[in-house]
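Thanks for asking me to look this one over. Here are my notes, point by point, for reading alongside the model.

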Amino acid sequence: MPVHAEKRILAYSQQQLFDLVADVGRYPEFLPWCKAARVRSRSGDLIVADLAIGFRMFRETFTSRVTLSPDHAEGPRIDVAYVNGPFRYLNNHWIFRPHPDGCEVDFFVDFEFRSRLLQAVIEPLFNEAVRRMVSAFTKRAEALYRAPNGSAAARSPVSSR
């Protein structure tokens, strides 16, 4: 159903951006609609976490398995696999590739809710919601990792599919 793929060049290191996305427990501090996060377990490069998402009158909690691959051939990578909750399926990945201006972030998400009502509410807003979430990660990077000259790092969308 809804699919969003986007690449952005950010003036931060691959490691900084990988660490930011991997810090699932802090998502409620900056991510729109993320009401709560609970890391159930962490074993090496595998995290099992619950996220509570609230939008308008809806509030849903889902569990996912987050696989951290800091040494992936393409660049550090984070894959999110759906475990339990309101979705039929959820596929999500982040890939952090080297770039002369910092890091190219490749973001992909594809999901479908079990509830037709919830799907009908979210679908028309999906692309804007995902853009806001990606922007929230970018703003979080700006807050955590100022550019070397002390100014906020530049960001530029590369492509959106």
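The points below go from the whole chain to two residues.

1. Before anything else, a word on the source: this is a predicted model, in which local features need pLDDT of at least 70, side-chain atom pairs count only at pLDDT 80 or more, and totals for chains, interfaces and linings use all residues. Residues are numbered from 1 along each chain as its sequence is written, and side-chain values use heavy atoms, with hydrogens and water left out.

2. The protein chain has 3 helices and 8 strands, arranged along the sequence as β-α-β-β-β-β-β-β-α-α-β. Both kinds of element are DSSP runs numbered from the N terminus: helices are H or I with at least four residues, strands are E with at least two.

3. With a radius of gyration of 16 Å, close to the 15 Å from the globule rule for 161 residues, the chain is as compact as a globular protein of that length. That radius is taken over C-alpha atoms, and the rule is 2.2 Å times the number of residues to the power 0.38. The C-alpha trace spans about 45 × 35 × 25 Å along its principal axes.

4. Of the 161 residues, 48% are buried (under 20% relative accessible area; exposed is over 50% and partly exposed in between, with a 1.4 Å probe and protein chains only). Among contacts (heavy atoms within 4.5 Å) with a separation of 6 or more, 51% join residues 24 or more positions apart.

5. Now to strand E2 (residues 34–43), where Lys35 lies. Lys35 is partly exposed, at a relative accessible area of 47%. Leaving aside residues up to four places away in sequence, Lys35 touches Pro28, Ala52, Ile53, Gly54 and Arg59. Its C-alpha atom is 7.6 Å from that of Leu51, 16 residues apart along the chain.

6. Is Thr63 buried or exposed? Thr63, found in strand E4 (residues 58–69), counts as buried, with 6% relative accessibility. The side chain of Thr63 makes a polar contact with the side chain of Asp50 at 2.5 Å. Such a contact is a pair of N or O atoms within 3.5 Å; within protein, one must be able to donate a hydrogen and the other to accept it, and residues adjacent in sequence count only if both atoms are side-chain atoms. Beyond four places in sequence, Thr63 touches Asp50 together with Arg40, Val48, Ala49, Tyr82, Val83 and Asn84.
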